[in-house]
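Try each task before reading its solution.

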Amino acid sequence: MPLNVEIVSPEKRIFSGEASMVSARTLDGDLGILPGHTSLLGVLVDGEVSIKALDGTATTFTVHGGFLSVNKDRVSILGESAE
Amino acid sequence: MGAQLRIYRRRMRSVKATKKITKAMELISASRIVKAQTRVQASTPYATELTRAVSAVASFSSTKHPLTTESDKPIRAAVLIISADRGMAGAYSSSVIKEGDQLVSLLRNRGIDANAYLVGRKAINYYRFRNRAISGQWSGFSDNPTYEHAKEIADSLINAFIADAQTDKNGVDELHIVYTEFRSMVTQEPMAKRMLPLEVVESSAPPPSGALPLYEFEPSAASVLDALLPRYVEARIYNAMLQAAASEHAARRRAMKSATDNADELIKSLTRLANAARQAEITQEISEIVGGADALASANAGSE
């Protein structure tokens, strides 16, 4: 079952789609999220978030002042600014 | 051309010029309402996600945070009033300022002083003219606010809130926000809401699958809350500013529409008056000619 990923900034939704893996860096260190991950809320450090799509291609976004929340294969990344 | 007729014509020309301006402003505002509404909608996903996250932390950890703690004895409150930079919007600014005044007197009855934080030139001028103290002011973006503006405002308000109100003159125990809520194209209502201390409402619509699962926090619940809550305040201020902007455009459109309608009425009645004046002039000229001819005829008849 794929992950449902959303990246949103206050001004718009930046990305929305399915992915097989999401990796990001929290205050504690790098974090990889695969389907079936436990519910999690994390503070991200400024930097890149990469999303691996179902076909294996990776997309990277730069997120500032962000959070990551995971709940039942639903990953939302909130950034003050993201691109 | 008679003097009366010339005056009517001149007034008609000036009313027509005004009507062109108000009509243009009406059309501009109408197109901007749509844009402003789109921006309100575009900010919704972020607000929803943020609210979900905040209520998750609030429900699964008993962490205390300065932003959620009520003061036992509040003595000062910040009141953020969001008004417009420009006029020509009917009662938009004055009704939001009036709502703010009501809130201030309500707070005073509870024994709380109010520090005014103002957005928009209209509110700033109103306070300045009455020599009232202003704790913070921002202007120049009321019709098109960005998140950066909201963040700047939120930062200074959060700082005032965190400062101790008992010892610091700028510190406040509560934060209230007064803005105009955009209900629909025809209804906008000035609103006063308390923003801080936050009352975290556990998500109004519970997820269909029942209770939320236990969350893990990275690095800890306290630090997640630390980072989340200021964002939450920012997002709510941003949302209020966007709604206020949409309301401003709607109010301006309505004001300009009635101005255009009035100009139409005025032109119509002036045309009637000008026609009557022209007819009176013609009648007078004819009677003068007839009178003159009569006088000539009777003079000639007398000499013969």
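The exercises cover a sheet, a helix and a chain-to-chain contact.

This is a predicted model: local features need pLDDT of at least 70, side-chain atom pairs count only at pLDDT 80 or more, and totals for chains, interfaces and linings use all residues. Residues are numbered from 1 along each chain as its sequence is written, with chains lettered from A and ligands numbered from 1 in written order.

**Exercise 1.** Find the strand order of the five-stranded open sheet in chain B.

Step 1. Take strands as DSSP E runs of at least two residues, and helices as H or I runs of at least four, numbered from the N terminus. Strands pair if DSSP finds at least two bridges between them.
Step 2. The order is S3-S2-S1-S4-S5, with mixed pairing.
Step 3. Strand S3 (136-138) and strand S5 (188-196) of chain B are the edges, each pairing on one side only.
Step 4. Inside, S1 (76-82) and S4 (174-182) of chain B run parallel over five bridges. B:Ala78 stands opposite B:Leu175.

**Exercise 2.** Check the length of helix H4 (residues 147-162) of chain B.

Step 1. Expected span is 1.5 Å times one less than the number of residues.
Step 2. For 16 residues that gives 22 Å; the end C-alpha atoms of H4 are 22 Å apart, which agrees.

**Exercise 3.** Describe how chain A touches chain B.

Step 1. Count contacts (C-beta atoms, placed from the backbone, within 7 Å). 21 residues of chain A meet 23 of chain B.
Step 2. S5(A) gives the most to chain A's side, with four residues.
Step 3. Three bridges join S5(A) to strand S6 (residues 216-218) of chain B, in parallel. A:Leu40 stands opposite B:Glu216.

Technical notes: Contact = placed C-beta atoms within 7 Å.
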